[in-house]
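Visitor: Could you walk me through this one? I'd like to start with a single residue and then zoom out.

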Amino acid sequence: MTEKEKCKQGLLYAANDEQLTAERRICKSICQQYNQTEYSNIEKRNELLEKIIKKTKQHFVIEQPFWCDYGYNIELGENFYSNHNLIILDGAKVTFGDNVFIGPNCGFYTAGHPVNIEQRNEGLEYAQPITIGNNVWLGGNAVVMPGVTIGDNTIIGAGSVVTKPIPGNVVAVGNPCRILKELK
């Protein structure tokens, strides 16, 4: 089994594998081109984003700068907007529903490292998918950790660290992120 196959199955894998390293290098080079493209050149920016992110709907905006690991594991819903400094570590699938709005300096991290010191020092990691529902708003500096699902119509407060699934129709805040109130 290749390291990429292990990664896709959520198993421990060697992130420094030649194939995965080459794929990250290509993706990050395109991210760098995107980040250095003149802001007013929307056509070129969108062209580069479509090279990075393999599944998008018609209307989406990602403000510069933007970084991700592979791009091919990211899916954007319709009417997606992210403010500046979006980081997506997409070793596993990261899915955003329709009408998702993301504040500045947010991160979505599918990658995690083992608690076992020897495994961690060997460079092993794992990746778990992240799913963001429809009509979700994440405030600035929010971080979403591996394996998290956020339900439809939910608001995640600025500065939150989301370590566990959050249901739909709630406002959740804090570190770790907790439900503050239900939305009607």
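**Glu3 and its chain**

Guide: Glu3 has 16% relative accessibility, so Glu3 counts as buried (under 20% relative accessible area; exposed is over 50%, partly exposed in between, with a 1.4 Å probe and protein chains only). Mind you, this is a predicted model, where local features need pLDDT of at least 70, side-chain atom pairs count only at pLDDT 80 or more, and totals for chains, interfaces and linings use all residues. Residues are numbered from 1 along each chain as its sequence is written, and side-chain values use heavy atoms, with hydrogens and water left out.

Visitor: Which helix is the place of Glu3 in?

Guide: Helices here are DSSP runs of H or I with at least four residues, and strands are E runs of at least two, numbered from the N terminus. The chain has 4 helices and 19 strands. Glu3 sits in the one covering residues 3–8, helix H1.

Visitor: Beyond its neighbours within four places in sequence, which residues is Glu3 in contact with?

Guide: Contact means heavy atoms within 4.5 Å. A polar atom of the Glu3 side chain lies 2.6 Å from the backbone nitrogen of Ala14. With those sequence neighbours set aside, the list for Glu3 reads Tyr13, Ala14, Asp17 and Leu20.

Visitor: Zooming out, what percentage of the residues of the chain count as buried?

Guide: Along its principal axes, the C-alpha trace spans about 50 × 45 × 20 Å. Residues 24 or more positions apart make up 27% of the chain's contacts with a separation of 6 or more. Among the 184 residues, the buried share is 44%.

Methods. A polar contact is a pair of N or O atoms within 3.5 Å; within protein, one must be able to donate a hydrogen and the other to accept it, and residues adjacent in sequence count only if both atoms are side-chain atoms.
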